[in-house]
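Let's take a walk through this structure together, one stop at a time. Have the sequence and the 3D view ready.

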Amino acid sequence: MNSKSERFLSLDVFRGMTIVFMIIVNTPGSGAAPFAPLEHAAWFGFTPTDLVFPSFLFAVGNAMSFTMKKFDGLSTGTVLYRILKRGLLIFLIGYLMYWFPFVDHGATGWTFRPFSSTRVMGVLQRIGLCYIFASLIIYFVKNKTTVIIISVLLLVGYQLLLLAYGDPNAPYAMLTNAGTYLDKYLLGDSHLYHGEGVAFDPEGILSTLPAIVNVIVGYYAGKFIQEKGKGYETIARLSLMGAVFIFIALTWNMSFPIGKKLWTSPFTLLTTGIDMIMISALIYAVEVRAWNKFKWTSFFTTVGKNPLAIYILSEVLIIAFWMIKIGDKNLVGWINDAFYQKIAPGPIGSLLFAISYMMICWCVGKLLEKKDVYIRV
């Protein structure tokens, strides 16, 4: 095997699997609650859905292990410009996506949607920030051991900040943790997420600190795979490290509970540990054993080669569907009630809608792939 190969099918499949599952869990059919594994944990705890977003960040780190080679020989100013440009552009796209469609329809007709009620932070915003800080740390801190120390400080420091500045009686609660206090102080209630029924942002400013480590671990996992190749040593060492991370996370969970919405430090270790084991399994199945008799990998690589574009499409298109009214319902609700909930009432119908919607996005990805269009930021 060529250990210096610049293309790792397993990494493309991993990215594609992450986006496919992300679309499914983000767009359940209305009229019925989805299956429990397709919902986030209410606060502390862990479900398969909680793994999706951190896996996206892990995949960003994987991609960085390839793209950062292009910085060799460039001036520091040029590197800074490229990192900041890319990260801030991703942040801006995320913000505009939440502001979309920029207008509201009320009793008086169409009105411009004000900036004052638009959420500032979010999924793409966190990806952009994590990409910037992880790239800067890795670029300027050449020593791997020092980067590991910084990562540990980010994880431990996050818990210490929550304990020091949160409510002493409930430092990890939704409304009384230091991250919520900081978000409300800097951004204000109207710029936060309100999906929980209160002003709280699961992608807030302070909880971005441990999320940076998800990208850093993804970077070093990708770099390790490139250096060691697609063999059994790579699989064994990645799996072992993943198991160590999971063990530390479960131990730490006793004093700092695992939770996605607070993005606790054990949550970062648990998800990166699982991601390393998943990557190891994919390397074994795809690269070593070549278990691809029915070309199943191509389904995921179609999305994995255009991950950001397909994700943005999935978010913008569903908003457009919500805007289309049929009677007293939006298009999503009408389709579910008229079709999916009739043929499969309850969670199954909700899941079928989500899969169908994902397939629409996949078809767009297939069209882009056939035309050799790969959208990069």
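A residue is called buried when its relative accessible area is under 20%, exposed when over 50%, and partly exposed in between (1.4 Å probe, protein chains only). What you're looking at is a predicted model, so local features need pLDDT of at least 70 and side-chain atom pairs count only at pLDDT 80 or more, while totals for chains, interfaces and linings use all residues. Residues are numbered from 1 along each chain as its sequence is written, and side-chain values use heavy atoms, with hydrogens and water left out.

Let's begin with the cysteines. C361 counts as buried because its relative accessibility is 0%. C130 is buried too, with a relative accessible area of 0%. A disulfide is a pair of cysteine sulfur atoms within 2.5 Å, and by that rule the count here is 0. For C361, the nearest cysteine sulfur belongs to C363 and lies 9.2 Å away, so C361 is in no disulfide.

Next come the helices. Helices (H or I, at least four residues) and strands (E, at least two) are DSSP runs, numbered from the N terminus. Take α2, which covers residues 52–67.

Now look at how helices pack. Two packed helices are described by the angle between their axes and the distance between the axes. Axes are lines fitted to C-alpha atoms, for helices over the stretch in contact, and angles run from 0 to 180 degrees between N-to-C directions. The axes of α2 and α9 (residues 265–288) come within 10 Å and cross at roughly 60°. Contact means heavy atoms within 4.5 Å; P54, S55, F58 and N62 on the α2 side meet a set of α9 residues including F267, T271 and D275.

Further along, α12 (residues 331–343) and α13 (residues 347–370) pack at about 120°, with axes 9 Å apart. Angles under 35 degrees count as roughly parallel, over 145 as roughly antiparallel, 65 to 115 as roughly perpendicular and the rest as oblique, so α12 and α13 are oblique to each other. Their crossing is right-handed. Among the α12 residues that meet α13 are V332, I335 and Y340.

Where does S10 sit? S10 belongs to helix α1 (residues 9–26), and at a relative accessible area of 0% it is buried. Although S10 and Y284 are 274 residues apart along the chain, their C-alpha atoms are separated by 8.8 Å. Leaving out residues up to four places away in sequence, S10 touches L282, I283, V286 and E287.

Most residues other than glycine have a negative phi. W263, in the loop between α8 (232–252) and α9, has a positive phi near 45°. A290, in the loop between α9 and α10 (296–304), also has a positive phi, near 55°. Are they buried or exposed? W263 is buried, at 0% relative accessible area, whereas A290 counts as exposed, at 53%.

Technical notes. The expected span of a helix is 1.5 Å times one less than its number of residues. A crossing is left-handed if the near helix is turned anticlockwise from the far one by less than a right angle, and right-handed if clockwise.
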